[in-house]
Amino acid sequence: MSTTADPLAALASLPGVADSVDSVRKAVDRVYGHRVMRRRSNEITSEAALRGARGSAALSGADWALEEVRRRTDFGVETEARAVGAALRLTAEAGQLLSVWRQSPLRVLARLHLVAAGGTRPDETVGRPRLEGEPVDEPLVRLAVPSASEVAGRLEGLAGLLLAGTEAPALVTAAVVHGELLALRPFGSCNGLVARAAERIVLVGSGLDPKSICPAEVGHAELGAEAYLAALDGYASGTPEGVGAWIAHCGRAVELGVRESTAVCEALQRGAA
């Protein structure tokens with residue numbers, strides 16, 4: 001990252017990032033201006049949460065149909081069911097942690113991992129970053145797993161940047177949080193789910209998406225796992241081109257989430273949902 005006083009803001013000048021930020025802002029403004037939002041925003045928020053959880057679970061290997069997620073009540077047995085249940089719990093929890101995030105991002109990350117993994121891994125590894133020698137169960141991500149000491153240092157650095165405040169656009173900050181957590185895999189499990197939940201917290205808490213109706217997780221799933229991992233590889237490379245491409249990828253995911261919620265608005269307007 002840049003060594004300027006606001007390294008997150010400096011990333012906004014990377015090639016293609018400004019255009020992505022502008023495109024996302026326009027897309028978000030359009031869905032917030034939809035007439036259905038004036039009277040039924042709570043329904044849009046609830047539906048976005050459900051669809052976002054489905055998308056995040058899909059990227060963790062549980063690609064269920066939306067109606068299956070909607071009707072299912074048992075999420076505690078099969079591996080895929082546990083992933084879907086964890087994604088749903090995280091989506092519900094994320095909205096309760098905005099104020100804590102502003103004071104202690106690391107505390108929120110620990111809480112998110114506890115929520116995601118606590119029901120299936122009731123041991124001392126849940127809710128804290130992994131120690132040296134502890135395994136990581138995150139088969140989707142192909143990157144080499146950083147050491148526990150590197151994870152600790154980079155988490156502290158990320159938290160410091162967030163607590164210091166930044167003029168960076170919300171998309172840039174959210175993409176960096178997401179990318180760092182996915183590249184570091186600080187926990188023994190559920191890192192992808194936690195990373196995507198943290199992205200959601202930043203997008204909501206920044207004011208870009210205050211009602212949480214623009215589920216980036218939907219877009220990440222729609223763009224596909226291979227594109228997701230290729231963009232993450234670029235982020236992990238640390239090159240301006242790679243980091244810029246990751247931010248743009250996250251921007252496209254937000255726009256696709258906006259498209260999903262716009263479709264929900266249109267269905268509600270027609271009386272079809």
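## Gly 205 at the end of H10

Gly 205 is found in helix H10, which covers residues 191-205. The model is predicted. Gly 205 has a relative accessible area of 29%.

Leaving aside residues up to four places away in sequence, Gly 205 touches Leu 98 and Arg 102. Leu 97 is 108 residues from Gly 205 along the chain, yet their C-alpha atoms are separated by 9.4 Å.

## Helix H9

Helix H9 runs over residues 170-184. Its 15 residues, at 1.5 Å a residue, should span 21 Å. The end C-alpha atoms are 21 Å apart, which agrees with that expectation.

How many of the 15 residues of H9 are buried? The count is 15 of the 15, so the rest of the structure largely encloses H9. Just after H9 comes Arg 185, with a positive phi of about 45°.

## H3 against H11

Helix H3 (residues 37-59) packs with helix H11 (residues 216-223) at an angle of about 40°. Their axes are 7 Å apart. The crossing of H3 past H11 is left-handed.

On the H3 side, the contact uses Arg 51, Gly 52, Arg 54, Gly 55, Ser 56, Ala 58 and Leu 59. They meet Glu 217, Val 218, His 220 and Ala 221 of H11. By type, the residues of this contact are 4 nonpolar, 4 polar and 3 charged.

## H3 against H13

H3 also packs with helix H13 (residues 240-270). Here the angle is about 130° and the axes are 10 Å apart. The two helices are therefore oblique to each other. H3 passes H13 in a right-handed crossing.

Which residues make this contact? H3 supplies Met 37, Arg 40, Glu 43, Ile 44, Glu 47, Ala 48 and Arg 51. H13 supplies Glu 260, Ser 261, Val 264, Cys 265 and Leu 268. The residues divide into 6 nonpolar, 1 polar and 5 charged.

An α-helix has 3.6 residues a turn, so residues three or four places apart point the same way.

## Arg 51 in both contacts

Arg 51 of H3 takes part in the contact with H11 and in the contact with H13.

Technical notes. Residues numbered from 1 in each chain as written. Predicted model: local features only at pLDDT ≥ 70, side-chain atom pairs only at ≥ 80, totals over all residues. Heavy atoms only, no water. Axes fitted to C-alpha atoms, helices over the stretch in contact; angles between N-to-C directions. Helix = DSSP H or I, 4+ residues; strand = E, 2+ residues; numbered from the N terminus. Left-handed = near helix turned anticlockwise from the far one by under 90°. Contact = heavy atoms within 4.5 Å. Nonpolar A, V, L, I, M, F, W, Y, C, P; charged D, E, K, R; others polar. Buried < 20%, exposed > 50% of the residue type's maximum accessible area, 1.4 Å probe, protein only. Parallel < 35°, antiparallel > 145°, perpendicular 65-115°, else oblique. Expected span 1.5 Å × (residues − 1).
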